[in-house]
Amino acid sequence: MGLRRMSVVLNFVLCTSLWILCCDGSTQNERQGFPLENEKFLTEPHYHSTNEIEDLFAHLQKQFPTMAKVHSIGKSVEGRELTVLEINKNVRKRSLLTPMFKYVANMHGDETVGRQMLIYLAQYLLTNYGVVPEVTKLVDQTDIFLMPSLNPDGFERSKEGSCESPENYFGRNNAAGVDLNRDFPDRFDSSLMRHFRAMTRQPETVAMMTWILNSPFVLSANLHGGAVVASYPYDNSIKQRECCTESLTPDDGVFKQLAYTYASNHPVMRTGSDCNETFPGGVTNGAFWYELNGGMQDFNYVFSNCFDVTLELSCCKFPKASKLPSEWAKNKRSLLEYMKLVHMGVKGLVKDTNGYPIKNAEILVQGYEQKPIKATERGEYWRLLKPGLHHIQAVAFGYEPSAVQEVLVTNDSATRVDFNLNPSDNVEGWIEK
């Protein structure tokens with residue numbers, strides 16, 4: 001073998017060896033101690049039909065029987081199941097003080113990116129459990145609910161590649177022609193039950209309301225399309241203006257942290273400039289952007305314990321399926337980081353002197369009295385709060401108010417604060433003035 005030929009061969013062998021050891025991403029990750037992430041679901045991307053979602057979730061439940069459980073919270077106008085996949089280390093029974101989290105997508109049937117992101121997220125969490133420490137910790141500590149479509153009828157009427165809703169909103173609305181994100185009881189409505197029972201309320205809305213009101217969700221997000229921004233409550237104001245007036249909740253600081261967390265981890269959203277719109281930091285107050293009545297994020301916050309934001313993920317509402325892998329790459333980190341925030345603030349148990357849980361005990365935080373959080377039937381509570389020093393108290397009908405506790409909240413995890421309440425002889429004076 002000539003020297004030149006030998007040199008070529010040696011160079012080829014050397015380069016090949018270096019590529020195998022250093023340049024191949026998976027091998028390099030293994031050498032650096034990083035686990036391999038399973039994302040085989042990105043091959044041959046396509047939009048899953050409603051039937052395909054049901055089949056996939058049934059398969060995941062069979063494949064991961066202790067970690068995945070399929071639920072239906074109701075049916076659409078045309079009888080399609082409103083399917084949810086629950087993911088936790090033990091879906092047979094939620095461990096005490098494990099917070100409940102939910103993602104809901106495809107509320108507008110032609111806004112489809114979020115629908116597919118939740119399908120990918122379900123597969124990502126389950127197939128990487130025990131492999132990726134971040135995923136394992138999240139699944140171990142959180143009861144996660146993923147609902148790819150609140151409006152399956154609208155999705156079936158929508159067309160792939162259509163970036164805007166048609167003039168008649170065919171596909172955006174449900175089969176009865178109703179915009180579901182205008183169909184919830186408004187925060188200014190005086191009677192929740194009257195509106196809950198109204199015959200004009202859509203079955204998808206009633207199913208979601210029932211689920212929210214009967215489940216102790218702590219944090220959630222609603223995935224939309226047509227813009228790229230994280231929008232937080234309130235969606236309307238007393239003044240009822242078209243736009244450009246903020247309408248802030250008592251927890252505005254918390255909501256800003258929630259929205260900024262998602263936006264700052266999204267390579268496009270964090271720039272605040274896309275779709276011919278500008279949003280500083282990639283976030284906006286809902287009413288400042290444009291006002292709407294009967295939205296789901298306001299309903300969550302006003303009528304339950306759950307904090308909810310709206311995530312607009314793409315300029316094009318129903319992009320071609322070939323765009324889905326890049327959308328996953330943009331949203332994956334944000335989806336994970338946002339879920340982790342369910343563990344911010346404080347959590348604990350409220351019990352009586354005999355150790356029995358006190359259902360509906362209220363957790364009051366100084367400065368946030370307008371938004372009490374109620375304990376579950378097991379006496380659990382979770383209160384999202386920004387890091388800092390907070391003064392917290394528990395009150396319940398028939399019991400003496402607890403002493404006010406000074407609590408330091410950090411970024412690491414929820415601070416545990418338990419309360420034990422003494423029975424009160426003076427029922428009329430049960431709330432501390």
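This is a predicted model: local features need pLDDT of at least 70, side-chain atom pairs count only at pLDDT 80 or more; totals for chains, interfaces and linings use all residues.
Residues are numbered from 1 along each chain as its sequence is written, and side-chain values use heavy atoms, with hydrogens and water left out.

Me: How many of the eight residues of strand β5 are buried?
Reply: Strands (E, at least two residues) and helices (H or I, at least four) are DSSP runs, numbered from the N terminus. Buried means under 20% relative accessible area, exposed over 50%, and partly exposed in between, with a 1.4 Å probe and protein chains only. Strand β5 covers residues 217–224 and is largely enclosed by the rest of the structure, because the number of its eight residues that are buried is eight.

Me: Which residue in β5 is the bridge partner of Met100?
Reply: Two strands pair if DSSP finds at least two bridges between them. Strand β3 (residues 100–105) pairs with β5 in the parallel sense over six bridges. Within β5, the bridge partner of Met100 is Phe217.

Me: Which residue in β10 stands opposite Ser220?
Reply: Strand β10 (residues 307–314) and β5 pair in the parallel sense, over six bridges. In β10, the residue opposite Ser220 is Asp308.

Me: How far apart are the closest N and O atoms of Asp153 and Arg80?
Reply: A salt bridge is a side-chain nitrogen of Lys or Arg within 4 Å of a carboxyl oxygen of Asp or Glu. Asp153 is buried, with a relative accessible area of 0%, while Arg80 is partly exposed at 26%. These two residues form a salt bridge, and their closest N and O atoms are apart by 2.7 Å.

Me: By about how much of a helix are Arg333 and Glu337 separated?
Reply: Arg333 forms a salt bridge with Glu337, with the closest N and O atoms 2.8 Å apart. Arg333 is partly exposed at 30% relative accessibility, and Glu337 is partly exposed at 21%. Because they are four residues apart in helix α12 (residues 324–340), their separation is about one helical turn.

Me: Which residues are linked with Asp179 in a network of salt bridges?
Reply: Asp179 counts as buried at 13% relative accessibility, whereas Arg182 is partly exposed at 33%. Asp179 forms a salt bridge with Arg182, the closest N and O atoms being 3.7 Å apart. The residues linked with Asp179 in the network are Glu111, Arg172, Arg182 and Lys317.
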